[in-house]
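Dear colleague,

My notes on what was found in it follow directly after.

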Amino acid sequence: MMSLLHRSSSTAAPDALARRMMQDTHLRDGLPEIVVGGILLLVAAQSYTMAVLLHGGLLVLKRILILVWTLLVIALTFSSFSIPGATGTGWLLRWLRRRYLISRSGYVKPRSEWNKRQLALLGGIGLLVATALLLVRREVAPPLFDRGLFIAIGVFVGGIEALVGRHPRFRAMGLLTVACGILVGFSRLPLQLRFAVFYAFTGAMALISGAIVLARFLRANAEEE
Amino acid sequence: MSEKIQTLAGIDRIVHEPARLMIVALLAAVDEADFQYLHQATGLTKGNLSVHLSKLEEAGYVAIQKTFRGKYPLTLCRLTQRGGEVFRNYRKVMRAAL
């Protein structure tokens with residue numbers, strides 16, 4: 001934190017510096033990455049199950065299994081990445097931190113950065129992108145569309161990771177995500193399996209990175225004590 | 001130019017001290033933080049931090065609330081409205097003068 005103050009104070013505006021400080025605080029124990037990584041691995045498992053179960057005829061039992069599994073993952077993903085769900089994930093993170101980390105790292109309540117207007121704008125952009133994708137899908141042949149889709153997802157997710165995270169580890173993960181998107185896009189695997197590979201890779205990466213950060217965070221605090 | 005420089009004479013001396021400035025700047029970026037977080041973030045010793053927090057509390061810039069979280073004592077600190085105004089004014093004066 002101190003190094004951050006020294007490093008950025010001469011160049012950044014105070015508000016930007018404050019935001020960066022809060023982001024550092026939020027990411028310092030690796031818990032957000034672990035939570036996101038876990039959710040992405042679940043989504044990957046769902047995609048993999050779909051790919052395996054869809055292979056061959058669809059028996060009634062298979063259909064029920066797919067439905068239950070899909071609903072479970074949709075509910076979990078929605079509860080984590082949606083606006084009300086993000087509050088739930090935030091609550092989980094706060095609970096974990098208060099229960100296990102407060103005596104080591106202290107407690108800090110960040111300011112809410114997102115206002116309703118920004119969230120509405122984000123939702124609008126998402127809707128526009130989804131509509132554009134649907135329109136493009138009508139015009140472009142499936143193999144070409146699927147390839148472009150994975151490359152676009154890789155670039156988008158990797159770019160967000162690198163830009164929002166700002167730390168070197170997020171930049172590295174962003175680059176690997178882009179590379180993964182390109183590789184998966186050009187592979188000849190079935191669509192569901194490609195999704196499974198992409199989510200599994202990004203999820204495992206986030207989980208491992210978060211676990212390393214958490215271990216280092218706990219060790220550093222234990223040494224201080 | 002000299003008028004701008006002269007505004008520095010009226011700067012708040014309580015906030016201007018480096019350790020206290022660090023505390024106020026940190027608290028301005030958050031809703032509230034506890035003693036342990038401030039200790040880690042500023043790098044000040046616990047005794048030093050305690051003294052500076054007391055001075056800021058006396059001036060009415062920081063509100064301190066002592067509670068418990070389970071078995072652990074929790075000293076919550078937040079910038080008061082007055083503290084926020086003083087800090088904003090401090091930034092404005094420094095930006096204008098330097």
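Leaving aside neighbours within four places in sequence, A:Ser47 is in contact with A:Gln192, A:Phe195, A:Ala196 and A:Tyr199, where contact means heavy atoms within 4.5 Å. A:Ser47 itself is found in helix H3 (residues 31–54) of chain A, helices being DSSP runs of H or I with at least four residues and strands runs of E with at least two, each numbered from the N terminus. At 4% relative accessibility A:Ser47 counts as buried, a word that stands for under 20% relative accessible area, with exposed for over 50% and partly exposed for what lies in between (1.4 Å probe, protein chains only).

Before going further, please keep in mind that this is a predicted model, in which local features need pLDDT of at least 70 and side-chain atom pairs count only at pLDDT 80 or more, while totals for chains, interfaces and linings use all residues. Residues are numbered from 1 along each chain as its sequence is written, chains are lettered from A and ligands numbered from 1 in the order in which they are written, and side-chain values use heavy atoms, with hydrogens and water left out.

Chain A has nine helices and one strand, and from the N terminus on these elements run α-α-α-α-α-β-α-α-α-α. Of its 225 residues, 33% count as buried, and among the contacts in chain A with a separation of 6 or more, 69% are between residues 24 or more positions apart.

One buried residue of this chain is A:Phe198, which has 3% relative accessibility and lies in helix H9 (residues 191–224). Once its neighbours within four places in sequence are set aside, A:Phe198 is in contact with A:Phe150, A:Ile153, A:Gly154, A:Thr177, A:Cys180, A:Gly181 and A:Val184.

Several of those partners bring us to a pair of helices in chain A, H7 (residues 142–165) and H8 (residues 168–186), which pack at an angle of about 180° with their axes 7 Å apart; here the axes are lines fitted to C-alpha atoms, for helices over the stretch in contact, and angles run from 0 to 180 degrees between N-to-C directions. That angle makes H7(A) roughly antiparallel to H8(A), since angles over 145 degrees count as roughly antiparallel, under 35 as roughly parallel, 65 to 115 as roughly perpendicular and the rest as oblique. Among the residues that make the contact are A:Phe150 and A:Gly154 of H7(A), and A:Thr177, A:Gly181 and A:Val184 of H8(A).

The side chains of A:Arg169 and A:Glu33 meet in it at 2.6 Å, N to O, and because A:Arg169 lies in H8 and A:Glu33 in H3, the pair ties together parts that are 136 residues apart in sequence. A:Arg169 counts as partly exposed at 24% relative accessibility, whereas A:Glu33 counts as buried at 5%.

Turning to chain B, you will find six helices and three strands, in the order α-α-α-β-α-α-β-β-α from the N terminus on, and buried residues make up 43% of its 98 residues. A salt bridge is formed here by B:Glu32 and B:Arg78, whose closest N and O atoms are 3.6 Å apart, and the pair links strand E1 (residues 30–34) with strand E3 (residues 72–79), the two residues being 46 apart.

Helix H4 (residues 35–42) of chain B is largely enclosed by the rest of the structure, because seven of its eight residues are buried. One of them is B:Gln36, at 17% relative accessibility, which, neighbours within four places in sequence aside, is in contact with A:Ile102, A:Ser103, A:Arg104, A:Ser105, A:Gly106 and B:Lys46.

The contact between the chains takes 21 residues from chain B and 23 residues from chain A. The area buried between them is about 1900 Å², of which carbon and sulfur atoms give 57%, buried area being the accessible area (1.4 Å probe) that two parts lose on being put together, summed over both. In chain B, B:Tyr37, B:Gln40 and B:Arg69 lose the most area to chain A, together 29% of what that side buries. The count of salt bridges between chain B and chain A is zero.

With best wishes

Terms used. Salt bridge = Lys/Arg side-chain N within 4 Å of Asp/Glu carboxyl O.
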